Amino acid sequence: NDHMRVCGTTFNGPVTSASTKTPKFTTVSGCGQISWAVNGGPTYRGVISMPPTNAEMKKETRNDLADVPRPGCLYTGPTTITLKSDGTMNVISPYTVATTTAATKAGAGKPDMCGTPGTVAPSIARGSLGSVGGANIPVLDTNLIFVQNVPSVSTDANYWGTAMPRDFTCRNAGRSDEGWTFGARSFPTTNEVTPSDSTSDSPAYGCKDGNVFVEGTFDGAMTIAAENYVYVTNNIFYTDVSSSILGLVGNNAVWVWNPLKYQSSSNYSLVSAIGGTNRTISAAILSVAHTFTVQNFDRGPGRGTLTINGAIAQKFRGAVAQGSSGYAKNYNYDPRFKATAPPKFLSPVSTTYGVTQFASVDAAFTAKGN
């Protein structure tokens, strides 16, 4: 949509821009030669507008709608998802009471495929969503996960009021450095300087925000969406790059988690738990209202290379590096997205606002026409 600033680049295919200036790009001094394979530069194409929110995706967890024959899973409040190469995932979501919704509180459901909520006091069953070890369940088959904020109305099945789940601790509530601890998981983590959040007025790690923290090796076809933030806390790889397909949709920012600890006003170092360099994310990434960006991109040591195998759609272009801090880019488009999308992925075009479907069928004919 924007006017482009281009430096020392070779474009091997057509380039379009909604800029009304001529030419539709600018350069800066010292740039190398720019090569355009088609049309000698960008051609005009109208603005592609984003849908206002990803709230339409939550409807896909309704169990009482005829046009949602296979509801996905709803989780509530801070939720961590660890993807596993065997086609399963570990889900920890202590605020979750019901995992599908309906028009009434009584109609909300708890299907086995979403894991068992762990809200029974005084003890929490091991292996439930509300236990510190989480629930180990198969990834959803061509379906969707939606992580919502903790509801503020008592008519909602996931309403908590002022109560908190067992073993869940909220720190500095109402402040910009608000955070939470549940078992071994803590955000901010030990010694981490809570990053400032320029994308909204909410804290980075709100105790009741619909934030999802995701990482691992993925085998399947699924979309993960959040009412607030998506945090990619480590690598996301595909088990099979030809069949696995993942969508990540944040209503607000999609963050590459990069926690730092304070040494001095001009010196930040990596939190030891997230040491090392390089990060790979295989997914279609969409930030509806904000940006895809790296936490603390302008502080701390260089992190190596950020490799994206997929696609990125965002309202504002996010920074991933500044000076010697952050990541170098290695962005690779997944050509499968020309013809398909992750299941129930939100179309990032307001004129076709809605949820797409993903399905596969057996071949009706052999190659010989039989």
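The exercises below work through the disulfides, the nonpolar cores and the overall fold of a predicted model.

**Exercise 1. Determine how many disulfides the structure holds, and in what order the bonded cysteines of the chain are paired.**

Step 1. When the bonded cysteines are numbered in sequence order, the pairing reads 1-2, 3-4, 5-6.

**Exercise 2. For the link of cysteine 7 and cysteine 31, find the handedness, the parts of the chain that are joined, and the exposure of each partner.**

Step 1. The torsion about the S-S bond of cysteine 7 and cysteine 31 is about -120°, so this disulfide is left-handed.

Step 2. The pair links distant parts of the chain, 24 residues apart: cysteine 7 sits in the loop between strand E1 (4–5) and strand E2 (10–11), and cysteine 31 in the loop between strand E4 (25–26) and strand E5 (35–36).

Step 3. Buried means under 20% relative accessible area. Cysteine 31, at 21%, therefore counts as partly exposed, and cysteine 7, at 43%, is partly exposed as well.

**Exercise 3. Carry out the analysis for the link of cysteine 73 and cysteine 114, and then for that of cysteine 170 and cysteine 207.**

Step 1. With -85° about the S-S bond, the link of cysteine 73 and cysteine 114 is left-handed. The pair connects distant parts of the chain, 41 residues apart, with cysteine 73 in strand E7 (residues 73–76) and cysteine 114 in the loop between strand E9 (88–92) and strand E10 (135–138). Cysteine 73 is buried at 0% relative accessibility, and cysteine 114 is likewise buried at 0%.

Step 2. The link of cysteine 170 and cysteine 207, with 90° about the S-S bond, is right-handed. Cysteine 170 lies in strand E12 (residues 168–171) and cysteine 207 in the loop between strand E14 (185–187) and strand E15 (212–218), so the pair ties together parts that are 37 residues apart in sequence. Here cysteine 170 is partly exposed at 23%, whereas cysteine 207 is buried at 3%.

**Exercise 4. Describe the largest nonpolar core and the contacts of isoleucine 145.**

Step 1. The largest nonpolar core has 37 residues, and those with the most contacts inside it are Met89, Ile145, Leu248 and Ile281. Strand E22 (residues 279–294) gives the largest share of this core, 5 residues.

Step 2. Leaving aside neighbours within four places in sequence, isoleucine 145 is in contact with residues including Cys73, Tyr75, Ile81, Met89, Leu140 and Met222.

Step 3. A second, separate core of 18 residues includes Ile92, Trp180, Tyr205 and Tyr231.

**Exercise 5. Decide whether the radius of gyration of the chain agrees or disagrees with that of a compact globule, and place the value beside other overall figures.**

Step 1. With 370 residues, a compact globule would have a radius of gyration near 21 Å, and the chain has 22 Å, which agrees.

Step 2. The C-alpha atoms fill a box of roughly 70 × 70 × 35 Å along the principal axes, and 48% of the 370 residues count as buried.

Step 3. The chain has 1 helix and 25 strands. Among contacts between residues at least 6 apart in sequence, 65% join residues at least 24 apart.

Note on methods: Residues are numbered from 1 along each chain as its sequence is written. This is a predicted model: local features need pLDDT of at least 70, side-chain atom pairs count only at pLDDT 80 or more; totals for chains, interfaces and linings use all residues. Side-chain values use heavy atoms; hydrogens and water are left out. A disulfide is a pair of cysteine sulfur atoms within 2.5 Å. Helices (H or I, at least four residues) and strands (E, at least two) are DSSP runs, numbered from the N terminus. Buried means under 20% relative accessible area, exposed over 50%, partly exposed in between (1.4 Å probe, protein chains only). A nonpolar core is a set of buried Ala, Val, Leu, Ile, Met, Phe, Trp, Tyr and Cys residues joined through side-chain atoms within 4.5 Å. Contact means heavy atoms within 4.5 Å. The radius of gyration is taken over C-alpha atoms; the globule rule is 2.2 Å times the number of residues to the power 0.38.
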